[in-house]
Amino acid sequence: MTELTELGVARIRDGVKAGDFTALEVAEAFNANVAAAQEALNAFIVATPEKAIEAAKATDAKRAAGEELGKMGGVPIGMKDLFATFDVQTTAASHILEGFRPQYESTVSQNLWNAGAGMLGKLNLDQFAMGSSNETSYFGNVISPWRKAGSNAPLAPGGSSGGSSAAIAARLCPAATGTDTGGSIRQPAAFTGTTGIKPTYGRCSRWGVVAFASSLDQAGPMAKDTRDCAIMLEAMAGFDPKDATSLDLPVPNWEALLSADLSGKTVGIPREYRMDGMDAEIVALWDQGVAWLKDAGAKVVDISLPHTKYALPTYYIIAPAEASSNLARYDGVRYGLRDLPEGANLQDMYAATRAAGFGPEVKRRILIGTYVLSAGFYDAYYTQAQKVRTLISQDFAKAFEQCDVILAPTTPTAAFALGENVDDPLSMYLNDVFSVPASLAGLPAMSVPAGLSKDGLPLGLQIIGKAFDEQGVLNAGLALEQRAQFTAKPEKWW
Amino acid sequence: MSVDTATVAKIASLARIKVSEGELEAMVPELNGILAWVEQLGEVDTSNVEPMTAVIPNTLRLRDDVVDADPLTGGGKREAVLANAPVAEHGFYGVPKVIE
């Protein structure tokens with residue numbers, strides 16, 4: 001029998017249901033992998049082996065009683081430490097929330113437990129999901145299980161969902177939750193040879209998810225392949241009256257309707273994404289992707305998204321502005337850290353607590369956000385950015401008059417080394433150049449592993465779809481996946 | 001537009017983050033780099049464009065006007081609310097004295 005930790009969501013679910021193995025055996029196998037890799041990869045902030053065992057036993061008992069096991073029955077998963085989990089430390093990888101034990105459960109995680117999933121632990125991430133390399137966590141860097149051919153230099157697993165991507169690639173979990181504000185599911189998926197989808201804004205409830213930029217934040221699944229993502233997204237999504245921006249729509253049967261036949265579909269190739277000085281390997285992969293989608297029956301057309309070059313600067317006004325407002329809640333009064341210097345008054349306590357509790361990147365973004373929202377600058381920065389965001393969204397709407405989905409690279413390069421971009425915030429921000437536009441427009445988008453770089457590192461292709469059309473995105477993703485036949489995995493060194 | 005040390009100190013004070021002189025010095029060029037970069041948005045003609053308010057069309061809902069409409073987020077949860085407070089006394093949050 002294949003090692004249980006090599007299996008994905010669908011095969012675990014089906015295997016448990018068929019009685020090929022028990023949910024308990026699966027949970028124990030992944031628990032062992034989590035424990036063995038922790039020191040080397042640092043993918044988890046807290047491991048919860050007892051939670052995984054408890055859920056597995058419940059699934060096995062249900063099976064014995066002949067009951068339904070749920071969409072995720074018997075599947076243990078990793079939970080990004082941005083989701084509030086009842087009485088289990090929830091930190092957003094920050095010092096300011098260290099020790100915070102929520103007295104409630106996020107809607108998305110509750111949906112997953114209701115569907116039969118179990119929790120292996122809380123996954124590391126960039127602090128407050130602000131970062132593209134997982135180097136801003138208070139609890140240390142996540143190390144990618146991947147290494148360049150002939151080198152032992154530690155690589156970034158991507159960010160912010162870097163614990164999620166590293167854990168899946170290293171077989172510490174079959175799937176994990178991610179959140180995507182400007183690419184935080186897709187970029188780490190691309191860097192680690194895993195698959196991840198950010199659904200339409202509003203599909204997954206934000207209730208109980210530590211807020212970064214509320215008009216952009218959206219949860220989604222990360223897994224080994226497209227089918228597993230479809231299954232897990234079905235379990236995560238759904239209307240939630242507790243989130244004012246939740247979509248009041250039924251959850252489609254994405255898994256049942258998966259089809260890699262793209263006959264009658266049109267794929268758009270945005271010419272503005274082909275940038276000067278682009279990595280030749282990325283260009284070649286993109287061209288290969290075009291050929292694969294044609295082979296799947298799709299028609300391919302050139303499209304234009306004229307405001308693409310303004311997406312990143314727009315994002316780096318809107319996201320910090322919303323963050324500066326959202327993160328005002330960390331005040332040393334209600335939860336988390338308090339730093340009260342001798343003789344300090346209330347205002348001093350706020351300032352000392354926030355100075356001690358936030359990392360440098362979080363402070364940088366709060367300051368930028370505070371500045372662009374401040375009197376005298378609001379219109380020049382924030383209102384202008386919101387107007388350009390409208391134009392970016394309109395670009396997509398026009399493009400989708402000509403095509404059903406858009407194909408683009410996920411990232412401009414393969415994974416970079418840890419430390420390579422930390423001294424220059426701007427070069428780090430540029431990593432999100434292909435992922436941010438879809439976030440600004442609230443559109444569903446996924447990354448599928450499509451090949452290896454000359455250094456042996458994974459590269460991803462991105463599919464962007466119309467609002468509410470996760471099915472179209474998943475189907476095109478499946479068509480790519482079947483042709484890319486990506487089976488590479490990191491050689492075990494940890 | 002660019003910021004100087006005094007402006008960054010003002011922003012930090014507005015954001016209630018204590019920063020040292022050394023941190024201030026380091027932040028000024030970093031923030032100026034980012035601000036100079038985002039300023040390219042100024043070249044986009046947005047004279048007839050409405051600012052984005054909702055990225056996906058949606059309507060705001062009203063919940064039923066009843067007490068504890070959702071028991072999960074309703075009232076009567078003092079202990080749970082205070083469970084993570086750094087200082088909780090007599091059923092309230094404790095803070096340094098604010099009245100002189």
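Predicted model: local features only at pLDDT ≥ 70, side-chain atom pairs only at ≥ 80, totals over all residues.
User: Which residues of helix α1 of chain A are buried?

Analyst: First, the terms. Helices (H or I, at least four residues) and strands (E, at least two) are DSSP runs, numbered from the N terminus. A residue is buried if 20 or more other C-beta atoms, placed from the backbone, lie within 10 Å of its own; it is exposed at 12 or fewer and partly exposed in between. In α1(A), residues 9–18, the buried ones are V9(A), I12(A), R13(A), G15(A) and V16(A).

User: What do the buried residues of α1(A) pack against?

Analyst: Contact is judged by C-beta atoms, placed from the backbone, that lie within 7 Å. The partners are α2 (23–41), α3 (49–64), β4 (175–180), β6 (218–223) and α7 (226–236) of chain A. After α1(A) comes G19(A), with a positive phi near 85°.

User: How many residues of β6(A) are buried?

Analyst: Six of six, so the strand is mostly covered. Q218(A), G220(A) and M222(A) point one way; A219(A), P221(A) and A223(A) point the other.

User: Which strands are joined to β6(A)?

Analyst: Strands pair if DSSP finds at least two bridges between them. β4(A) is joined to β6(A) by six bridges, running antiparallel. β5(A), residues 195–198, is joined to β6(A) by two, also antiparallel. A223(A) in β6(A) stands opposite A175(A) and opposite T195(A).

User: Where does chain A touch chain B?

Analyst: In total, 59 residues of chain A contact 44 residues of chain B. Elements giving two or more residues on the chain A side are α9 (311–326), α10 (346–357), α11, α12 (378–399) and α13 (425–429). α12(A) gives the most, with 11 residues.

User: At what angle do α11(A) and α1(B) cross?

Analyst: Axes are lines fitted to C-alpha atoms, for helices over the stretch in contact, and angles run from 0 to 180 degrees between N-to-C directions. The axes of α11(A) (360–372) and α1(B) (5–14) come within 9 Å and cross at roughly 95°. That makes α11(A) roughly perpendicular to α1(B), a label for 65 to 115 degrees; under 35 is roughly parallel, over 145 roughly antiparallel, the rest oblique. L367(A), T370(A) and Y371(A) meet V8(B), I11(B), A12(B) and L14(B).

Definitions and conventions:
Residues numbered from 1 in each chain as written. Chains lettered and ligands numbered in written order. Contact = placed C-beta atoms within 7 Å.
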